[in-house]
Amino acid sequence: MSYDLIDLRLFIAIAEERNLTRGAARVHLAPSSASHRLRQLEGALSAALFERQARGLALTRAGEALLRNARQVFARIEQMHADLSPYAAGIRGHVSLWANTHATHSFLPDDLADFLKQHPQVSVSLEERTSTEIALAVASGEVEVGVLADAGSGAGIALTPYRRDRLVLIVPGGHALAARTRLSFAEVLDHAFVMLHAGSAIHTFTMNAAAALGRHLDVRIQVRSFEAVCRMVGAGVGIGLVPRSAVSGAGLSEPPVVVEMEEAWAQRDLQICVRKGAELSGFAAALVEKLRQSGLDAQPLGAGA
């Protein structure tokens with residue numbers, strides 16, 4: 001098939017304008033040249049793309065299919081330009097990092113900000129995933145560095161301690177559970193929950209924990225951050241399950257009451273994950289060292305904190 005990006009841009013312009021002359025003007029072509037290119041495009045595709053109507057040109061079924069795909073082509077080209085632009089701007093390194101919800105919302109923003117200030121020639125892409133997904137991706141070499149709360153399958157990965165933290169139950173002041181000091185997860189499942197959004201790693205983890213008990217959570221509202229969970233719980237909307245660090249760092253006017261969870265899985269010690277035996281790129285190794293050192297410098301948050 002003989003056609004190029006100019007032909008596709010012209011076709012999109014004509015389709016959106018429903019007029020050949022106006023479409024040609026949008027891509028800075030003379031109407032005669034645009035008409036010639038359109039005939040060649042239809043010939044290359046062996047299909048008519050437009051039919052003439054009283055109010056202008058209308059797409060045929062083939063034209064509708066081409067318009068949909070042509071727009072996707074240009075969207076991918078724009079994404080390619082966005083991906084490559086950091087290198088054109090002088091950035092000489094890139095690190096892919098996957099992390100669970102806990103690390104993404106609690107510790108990584110500050111640590112990554114420090115790292116990027118120290119390494120202005122590096123870019124980092126951060127994706128939020130479950131711990132199991134992170135372990136598998138690192139083991140397969142899909143990403144160089146991960147931060148997770150458990151080892152997942154544990155095969156093919158090496159772990160380094162990052163931060164200590166613990167999941168705690170938060171309840172509004174005056175709530176029936178506020179007088180308790182410790183609770184099991186099964187004891188709280190009859191109450192309405194404030195949760196992070198569906199698709200977040202901690203949402204998936206909590207739902208799975210309830211399913212393991214043969215129960216379903218009553219999710220009253222889903223929000224986008226741990227701070228929002230704390231605010232909603234403090235305002236009396238429901239109860240929540242969040243890292244202790246998220247409560248201590250929220251600075252709330254109406255702080256919720258913190259209740260310890262009895263489950264062993266409540267201890268959520270975060271770990272840096274790399275592929276076992278792999279030699280990291282220089283910037284990935286620098287990031288791992290930065291995260292490791294940040295964990296050593298930080299005050300640990302354990303079960304008794």
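Reply: Gladly, starting with rings: those of Phe, Tyr and Trp (its six-membered ring) pair if their centres lie within 6.5 Å, and planes under 30 degrees apart count as stacked, over 60 as edge-to-face and the rest as tilted. Here ring pairs link Phe185, Phe205 and Trp265 into a cluster. This is a predicted model, where local features need pLDDT of at least 70 and side-chain atom pairs count only at pLDDT 80 or more, while totals for chains, interfaces and linings use all residues. Residues are numbered from 1 along each chain as its sequence is written, and side-chain values use heavy atoms, leaving out hydrogens and water.

Me: How many aromatic pairs does the rule give?

Reply: The count comes to 4. One of them joins Phe107 and Tyr162 edge-to-face, at 6.3 Å centre to centre with 80° between the planes. Phe107 lies in the loop between helix H5 (101–106) and helix H6 (108–118), and Tyr162 is in strand E6 (residues 157–163), 55 residues apart. Helices (H or I, at least four residues) and strands (E, at least two) are DSSP runs, numbered from the N terminus.

Me: Are Phe107 and Tyr162 buried or exposed?

Reply: Buried means under 20% relative accessible area, exposed over 50%, partly exposed in between (1.4 Å probe, protein chains only). Phe107 is buried at 10%, and Tyr162 is buried at 2%.

Me: Which residue has its charged end over the ring of Phe205?

Reply: A charge sits over a ring if NZ of Lys or CZ of Arg is within 6 Å of the ring centre and within 35 degrees of the ring normal. For Phe205 the charged end belongs to Arg268, 4.2 Å from the ring centre. Arg129 likewise has its charged end over the ring of Trp98, 4.0 Å from the centre.
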